[in-house]
Amino acid sequence: MLTQLYIKNYALIDLLDIELHPGFSVITGETGAGKSIILGAIGLLLGQRADSKSIKQGADKCIIEAHFDLSRYQLQTLFDDNDIAYDATDTIIRRELTAAGKSRAFVNDTPVSLNMLKELANNWLTFIHSTRTCC
């Protein structure tokens with residue numbers, strides 16, 4: 001479950017830091033409120049390619065960070081297999097983009113390649129989706 005989302009200097013967002021609680025399931029708002037921008041930022045956390053144009057105009061760096069509680073899922077092996085520290089109650093994915101076009105990604109403060117981030121995100125989301133219980 002996504003528990004916190006932090007976005008700094010992404011597109012039109014100066015700073016967004018929201019804590020999400022159990023039961024949160026929807027983002028709503030009027031047209032132009034920024035829903036798509038938030039989803040774009042989350043996409044970067046899942047390994048989508050970045051463009052330095054995504055950085056807020058005038059900023060040198062963009063940071064997107066999400067905290068997840070994965071305690072309902074057995075993902076220890078996935079993290080162990082990729083030599084990444086595992087914290088079931090607070091797994092952190094962070095992506096940093098610079099105006100110079102550089103991108104860095106981290107999972108629990110361990111640097112990972114973009115391909116590794118994509119692979120982890122794909123495996124992780126597939127596992128979570130396949131073990132999800134209804135109602």
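A: Two strands count as paired if DSSP finds at least two bridges between them. Strands themselves are DSSP runs of E with at least two residues, helices are runs of H or I with at least four, and both are numbered from the N terminus. The model is predicted, so local features need pLDDT of at least 70 and side-chain atom pairs count only at pLDDT 80 or more, while totals for chains, interfaces and linings use all residues. Residues are numbered from 1 along each chain as its sequence is written, and side-chain values use heavy atoms, with hydrogens and water left out.

Strand β3 covers residues 61–68 and strand β4 covers residues 91–98; eight bridges join them in the antiparallel sense. Lys-61 has Thr-98 of β4 opposite it. Both strands belong to an open sheet of six strands, ordered β2-β1-β3-β4-β5-β6, with antiparallel pairing. At its edges are β2 (13–19) and β6 (110–112), each of which pairs on one side only. On average, and ignoring direction, neighbouring strands of this sheet are turned by 15 degrees against each other; axes are lines fitted to C-alpha atoms, for helices over the stretch in contact, and angles run from 0 to 180 degrees between N-to-C directions. Helix α1 (residues 35–45) packs on the sheet and touches β1 (2–10), β2, β3 and β4, its direction making about 100 degrees with that of β1. Contact here means heavy atoms within 4.5 Å.

A salt bridge is a side-chain nitrogen of Lys or Arg within 4 Å of a carboxyl oxygen of Asp or Glu. Lys-61 forms one with Glu-96, with 3.5 Å between the closest N and O atoms. This pair joins β3 to β4 across 35 residues of the chain. Lys-61 counts as partly exposed because its relative accessibility is 36%, whereas Glu-96, at 8%, counts as buried. Buried means under 20% relative accessible area, exposed over 50%, and partly exposed in between (1.4 Å probe, protein chains only).

Glu-65 lies in β3 and Arg-94 in β4, 29 residues apart, and both are buried. Glu-96 also has a salt bridge to Arg-104, at 2.5 Å between the closest N and O atoms; Arg-104 is partly exposed, at 47% relative accessibility. A network of salt bridges links Lys-61, Glu-65, Arg-94, Glu-96, Arg-104 and Asp-109.

Thr-91 is another residue of β4. Its relative accessible area is 0%, so Thr-91 is buried. A polar atom of the Thr-91 side chain lies 2.8 Å from the backbone oxygen of Asp-87. Setting aside neighbours within four places in sequence, Thr-91 contacts Ala-66, His-67, Phe-68, Leu-70, Phe-79 and Asn-108.

How values were computed
A polar contact is a pair of N or O atoms within 3.5 Å; within protein, one must be able to donate a hydrogen and the other to accept it, and residues adjacent in sequence count only if both atoms are side-chain atoms.
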